[in-house]
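This report is for a reader who is new to the structure. Please look at the sequence and the model first.

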Number of protein chains: 2
Amino acid sequence: MSEILIGIDVGGTNIKIGCFDLQLNLISKTSVTTEADMGPEPVVERMVEAIIGLVKEAGFNPEDISAAGIGTPGPADYKAGIIINSTNMPAFKNVPIKKMLSVALNCPVAFDNDANVACMGEFAVGAGREVNDMVFFTLGTGIGGGIISDGKLIQGAGGNAAELGHIIIYAGGRRCNCGQRGCAEAYASASHTAKRALEAIEAGAESSLKKVREKKGQISCKDVYEHLKRGDELAKRITEETAEALGLLCVNVLHMTEPQRIVFAGAMIKEGDLLLDRIKYYFNKNIWKLKKETVEICFATLGEDAGIIGAAAMAKEIIRE
Amino acid sequence: MSEILIGIDVGGTNIKIGCFDLQLNLISKTSVTTEADMGPEPVVERMVEAIIGLVKEAGFNPEDISAAGIGTPGPADYKAGIIINSTNMPAFKNVPIKKMLSVALNCPVAFDNDANVACMGEFAVGAGREVNDMVFFTLGTGIGGGIISDGKLIQGAGGNAAELGHIIIYAGGRRCNCGQRGCAEAYASASHTAKRALEAIEAGAESSLKKVREKKGQISCKDVYEHLKRGDELAKRITEETAEALGLLCVNVLHMTEPQRIVFAGAMIKEGDLLLDRIKYYFNKNIWKLKKETVEICFATLGEDAGIIGAAAMAKEIIRE
């Protein structure tokens, strides 16, 4: 009997697993530590054990699994189903994860990067559920992205579409971790927001963040927003620059695929309107005035479950086919 | 009998019309002057007369038309089938062109902007015919665009996707005709390439282009490339800036929809390798080195027929449905 879907969200620290019905309602979920250093076989074995335990606990049998979906951090060859060289899991090199899972669970497996999978989750049941065209950003160490056009995820010729953090908006500007100059990520990711604050302090800027640095040896993006709330001028400048880069990024994605909704996710959205209102301000300031734009810029609604839900939504797509 | 497709490419000066078989082979073509000042009804009447004449000349009857496609310059409400306010045809305001043609020809009509239509032509039988994912640019007064993802044209929530000339790559930079700052178009369209040369001369730059300006009162993009060939230093700087903006635009579209091929069209491509080699140079200089990119940057192959072929290709899509 074909009754349930499995969604798996692999992170550097934890693997989250969800068991869903065919309408994407969550039946139950669990989490195991990744223990990536153990290497791919033991990790997949633990993952499969946890899945089977979860399924049985929910009153089903492994044979009831219609399909599974899995999201992992890139880079990977998503079309071939292989984790090539994961930066967060160094022991995973050329791992045919899709095939390994498919054999172990005896069901079809959908595989994509973590940002695309979370995008699918928000599109299926979260912030994008009423629309057909959506762009999704995750603000974390980097800026990940996903694009839904006419109800379908854009995957690109090699499965590497929607690398939206690496859109160049300040040509010749800051060096990004990717090697390019002027990427949105090099300004507006959580880590680059913190990094710009640190650089400014090291260059002699006055700021209440100085004490944070002295105490902790570093500054987090959360610290920057905390000191913005306390009225620190440097924190204001840094967070305005972050919002402007994100507003410009919204302009650019609007001109590319014309989404109805642009959805931001990631830990940074905990800053709420301090972030969202300023992104909207810079979008409105920079967008053309040739016609009235109706795109809605908003935050994700699913929180940490977006990954498992999106993975299950992708699994649902492959049983349909 | 359902045997032929009609492709119509409306420009400010001429309306080109092609009669095609269902495999998109051109049977015959014609052209009439637009005479847009006469207003929509007479223009559509002339267009329909020309179509019927063309069809009969080719040995068919109007009943043999399976579907027609039409491309016009924007802005329009392509989903509703209405030319709202054409900058090149001021007498055309709120014209339900799709319905008018559909009634006159008694067949379904596909309607899109000229850049999307030319993109479809190159995708169907031109520079993009072997690929599934392609991005298309036309370099003219502005920079138009089209995106094919997984074999389908991306139209966006309101039919206004792929406004690729208005992707901001130099935030805070030159003012574009659209009102935004730093758009690719404000640097790299044919008219802005000429304009930058003119501005440099007006600011006192030395250049053999000075004489052109004295003689003609203006400078064209063609003049700039002509003087590049003659070794003019200013022409070299201006055309390098054009190529760099286009190379950066290629980086950005690669990170958005990951095309296999990026195709440039428009009068500027007559400059050949003087343009293409430099775009490739700046793409390679600016793209990340995280993985080897295999995207091919090339020129369109259909020339002036791209519009009628693309319009016919769109017509073909709607009989399929």
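The sections below cover the basis of the model, a helix, a sheet, aromatic pairs and charges over rings.

## Basis of the model

The model is predicted: local features need pLDDT of at least 70, side-chain atom pairs count only at pLDDT 80 or more, and totals for chains, interfaces and linings use all residues. Residues are numbered from 1 along each chain as its sequence is written, chains are lettered from A and ligands numbered from 1 in the order in which they are written, and side-chain values use heavy atoms, leaving out hydrogens and water.

## Helix H3 of chain B

Helices (H or I, at least four residues) and strands (E, at least two) are DSSP runs, numbered from the N terminus. Helix H3 of chain B covers residues 114–125. The expected span of a helix is 1.5 Å times one less than its number of residues.

Buried means under 20% relative accessible area, exposed over 50%, and partly exposed in between (1.4 Å probe, protein chains only). Nine of the twelve residues of H3(B) are buried, so the helix is largely enclosed by the rest of the structure. Among them are Asn116(B), Cys119(B), Glu122(B) and Phe123(B). At the N-terminal end, Asn113(B) caps H3(B), with a side-chain oxygen 2.9 Å from the backbone nitrogen of Ala115(B).

## A sheet in chain A

Two strands pair if DSSP finds at least two bridges between them. In chain A, five strands form an open sheet in the order S11-S10-S9-S12-S13, with mixed pairing. Its edge strands, S11 (152–153) and S13 (296–299), each pair on one side only. S10(A), residues 143–149, pairs with S11(A) in the antiparallel sense over two bridges. Ile148(A) stands opposite Leu153(A) of S11(A).

## Aromatic pairs

Rings of Phe, Tyr and Trp (its six-membered ring) pair if their centres lie within 6.5 Å; planes under 30 degrees apart count as stacked, over 60 as edge-to-face and the rest as tilted. The count is eight aromatic pairs over all chains. One of them is stacked: Phe137(A) and Phe264(A), 5.0 Å centre to centre with 20 degrees between the planes. This pair links S9(A) and S12(A), 127 residues apart. Phe137(A) and Phe264(A) are both buried.

Tyr170(B) and Tyr187(B) form a tilted pair, 4.4 Å centre to centre and 40 degrees between the planes.

## Charges over rings

A charge sits over a ring if NZ of Lys or CZ of Arg is within 6 Å of the ring centre and within 35 degrees of the ring normal. Arg278(A) lies over the face of Tyr281(A), 4.4 Å from the ring centre.

Notes: Polar contact = N/O pair within 3.5 Å; in protein donor to acceptor, adjacent residues only side chain to side chain.
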